[in-house]
Amino acid sequence: MSGGLQGVLVALDVDGTVVDLDESLSDRVREAVGRVAAGGAHVVVATGRSLHGTLPVLQRLGLREGFAVCSNGAVTVQLDPAAEDGYRVVSLHTFDPSGVAGVLREQLPAGLFAVEVLGRGYKLTAPFPDGELTGEMHVVPFDDLFAEPVLRVIIRSPEHTSAEFSRLVDEIGLHGVAYSVGWTAWLDLAPDGVTKASALEEVRLRLDVEPGRTLAVGDGRNDVEMLRWAERGVAMGNAPAEVQAVADEVTGTVGDDGLAQVLEELLAAGPTAA
C-alpha cells in the first residue's frame, strides 16, 4: 500500500485494549489514537459494550466523527456532532433468544440474565455485580426479558470461574445464535452470524475501504473473528492464548500501552504497516 493513512480502517476493541480493567486510559494511547485519526485513518471502536457504555470512551478518545460498533456487532452508529445525541444508528440486528435462554436458565438456575435496551441500559432478572453494567437498570421477570426481539442477552454466573463457565457452555451446545464467553463467567448471546467482524465489514463497505487496508487490535474471545477479518490482526499481550493464536502478531499488554505501540508503528511506517 502507498500514500498516507487515508483509506485505512483501524478497528479497536475497548476493554483490555484501549482501557484497562480500572477504566484507565493512558495519555500515550489517547494521543496515538488521535494522531492516527488526524492522519486520515478511519478509527472505528468495536466493542462488546452497549452504546450507552461506548459513548464515554469515544468522548475520552476525542472521536466525534466516523463509526462505532457496539454490542459485539449488533449496533453500529455513525457519529455526527450535528445530531441530537451526537450519533445516528445505521445498523441494528435483533433476534428472539427465548429458546436458547430458556435452556441456559435450566442449567444455570442461579444465573443472572440481562437484555440491552438501546441507548439506555438494561432489563435484568437481578442486579449484576457492581460496575459490570452501565445505564438504567430495571429488574423484571425472566419471561418479560423476551417480550420483544432484543439486541443481545448477557448471562452472568458469579458462582463459576470463566474456565468452568466455558466448559458448561460447550457442553450445552448453543445453536442459532452467536455467542462469546468473557474474562469472567460472562456469556454474550447475539443474533446468529453477528459479530464485530460482520459489523466491521458493513462499515468497510460503507467507507469503500479496500480489504487489504484494515487493521484490528483486540484482546478478548469476542475479538477472534475481528482479528481474522482484518488484513493485519494484532492481539494484545494480555489476550488469552487462543486469541493470540489467531492473530498475525502480538503486541504489549494494556499496561504496557501495547495499543500505542501498534499505532505509533503505523504512523511511522504509513499504511504499509496496516
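What percentage of the 274 residues in the chain do buried residues make up? I looked this up before anything else. Buried residues make up 52% of them. I note here that the model is a predicted one.

**Whole chain**

I went through the secondary structure and found eight helices and 14 strands. The radius of gyration is 18 Å, close to the 19 Å that the globule rule gives for 274 residues, so the chain is as compact as a globular protein of that length. For the extent of the chain, I took the C-alpha trace along its principal axes, where it spans about 55 × 40 × 30 Å.

The accessible surface of the chain is about 11,800 Å², and carbon and sulfur atoms hold 47% of it.

**Strand E10**

I turned to E10, which runs over residues 177-181. Four of its five residues are buried, so I wrote the strand down as mostly covered. Its pairing with strand E11, residues 186-191, is antiparallel and has five bridges. In this pair I found Val177 opposite Pro191 of E11.

**A patch on the surface**

Which residues form a nonpolar patch on the surface with Leu92? I found Val89 and Leu118 there. Together the three residues have about 220 Å² of accessible area. I placed Leu92 in strand E5, residues 87-92.

Terms used: Residues numbered from 1 in each chain as written. Predicted model: local features only at pLDDT ≥ 70, side-chain atom pairs only at ≥ 80, totals over all residues. Heavy atoms only, no water. Buried < 20%, exposed > 50% of the residue type's maximum accessible area, 1.4 Å probe, protein only. Helix = DSSP H or I, 4+ residues; strand = E, 2+ residues; numbered from the N terminus. Pairing = 2+ DSSP bridges. Patch = residues over 30% accessible without salt bridge, like charges linked within 9 Å, V, L, I, M, F, W, Y side chains within 5 Å. Areas by Shrake-Rupley, 256 points an atom, 1.4 Å probe, with all protein chains shown as cover. Salt bridge = Lys/Arg side-chain N within 4 Å of Asp/Glu carboxyl O. Rg over C-alpha atoms; globule rule 2.2 N^0.38 Å.
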